[in-house]
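Subject: Handing over a structure, with notes on what was found

Dear colleague,

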Amino acid sequence: MLRTSASRVLDDNDRDEVLALLDTDPVANVFVAARVRAVGLSPSRLGGQMWGYGPRGGLVSLCYAGANLVPVNATREAIHAFADRARKQGRRCSSIVGPAGAVEQLWERLEPHWGGARAIRWAQPVMATTSAPAVDPDPLVRRVRPEEFGILLPACVAMFTEEVGVSPDNGDGGALYRSRVAELIRIGRSYARIDDGQVVFKAEIGAVTPQACQIQGVWVHPDLRGRGHAAAGMAAVVEQALKYFAPVVTLYVNDFNLPARAVYRKVGFQEVDTFMSVLF
């Protein structure tokens, strides 16, 4: 059995081995894999640390420790090691998110030291599709243009607040969030239907690897819900994602959000895994 001391902070010398491990489950690991592919493993560029369990050449498990704490392929021994490191470091993340079993075990070990969570989402179905959408795409959903940032931002803030339960303006006044929204627009991964200056539907492709891409931030204006905008809008985004970004399109959703789950199934998504999130 590997010892807890096998937990270590990884660097760019470990990049190939880290990516090989991440690629064993490209859907579950799309967020972390996209980050590593984009910036490598240097903490200054990664925006956190990548912890590894196992020696160089024999990595077994990973844990991304940045704004989120994300276990990857985490064995029980690795979870003990990662929890020990996280406990000693103190909480620096705004959430723990990832495969439900690993997150639950991590939280069992960290809660006595970190205190209670603001919210726990115990079951978040991970859904994926590789097929053209099963409903007609909305032809008015398109890439958001940089000059439309001011139109899109309020919809993004409303989505975040509704989904997470707090405003993204908390803490730094929303500077980091606004920067991320602007970046997704700039790189062509923000999609919306905008009618007469009002966002009807929006979604972003937040993470991209050669194997998979992840849709996030799905939102329909509250006054316009129940009219089919979500299904047609998602169909348009899936069509674009399969054409331009990756052969697998994925997302995860709260288990209690039955309308959203129904929309995603209608478009062609199937449940392939379960995530869990602990929110602070």
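In what order do the 12 strands of the open sheet lie? The order is β1-β2-β3-β4-β5-β12-β6-β11-β10-β9-β8-β7, and the pairing is mixed. Before the details, please note that this is a predicted model, in which local features need pLDDT of at least 70 and side-chain atom pairs count only at pLDDT 80 or more, while totals for chains, interfaces and linings use all residues. Residues are numbered from 1 along each chain as its sequence is written, and side-chain values use heavy atoms, with hydrogens and water left out.

**The sheet**

Helices (H or I, at least four residues) and strands (E, at least two) are DSSP runs numbered from the N terminus, and two strands pair if DSSP finds at least two bridges between them. Strands of a sheet pair through backbone hydrogen bonds, either parallel or antiparallel. At the edges stand β1 (7-9) and β7 (142-143), each of which has a single partner strand, so one side of each is left without a neighbour in the sheet.

Strand β12 (residues 270-279) pairs with strand β5 (residues 95-99) in the antiparallel sense over 5 bridges, and here Ser-95 stands opposite Leu-279. Strand β6 (residues 119-129) also pairs with β12 in the antiparallel sense, over 8 bridges, with Pro-125 opposite Thr-274. Elsewhere in the sheet, β9 (residues 198-208) and β10 (residues 213-220) run antiparallel and are joined by 6 bridges; the bridge partner of Phe-201 is Val-220 in β10.

**The helix pairs**

Two packed helices are described by the angle between their axes and the distance between the axes. The axes are lines fitted to C-alpha atoms, for helices over the stretch in contact, and the angles run from 0 to 180 degrees between N-to-C directions. Angles under 35 degrees count as roughly parallel, over 145 as roughly antiparallel, 65 to 115 as roughly perpendicular and the rest as oblique.

Helix α1 (residues 15-22) and helix α2 (residues 30-39) pack at about 155 degrees, with their axes 10 Å apart, which makes α1 roughly antiparallel to α2. In their contact (heavy atoms within 4.5 Å), Arg-15, Val-18, Leu-19 and Leu-22 of α1 meet Val-32, Ala-33, Val-36 and Arg-37 of α2. By class, this contact of α1 with α2 has 6 nonpolar, no polar and 2 charged residues, where Ala, Val, Leu, Ile, Met, Phe, Trp, Tyr, Cys and Pro count as nonpolar, Asp, Glu, Lys and Arg as charged, and the others, Gly among them, as polar.

For helix α4 (residues 76-89) and helix α5 (residues 100-114), the angle is about 30 degrees and the axes are 9 Å apart, so α4 and α5 are roughly parallel to each other. Their contact has 8 nonpolar, 3 polar and 3 charged residues.

The axes of helix α6 (residues 149-164) and helix α7 (residues 175-186) come within 10 Å and cross at roughly 125 degrees, and these two helices are therefore oblique to each other. The contact of α6 with α7 has 11 nonpolar, no polar and 1 charged residues.

**The annotated domain**

An unreviewed UniProt entry carries the annotation "domain: N-acetyltransferase" for residues 139-280; such annotations may be inferred rather than shown by experiment, and the positions are given in the numbering used here, with feature names shortened. Over residues 139-280 the chain is 38% helix and 29% strand, with the end C-alpha atoms 39 Å apart.
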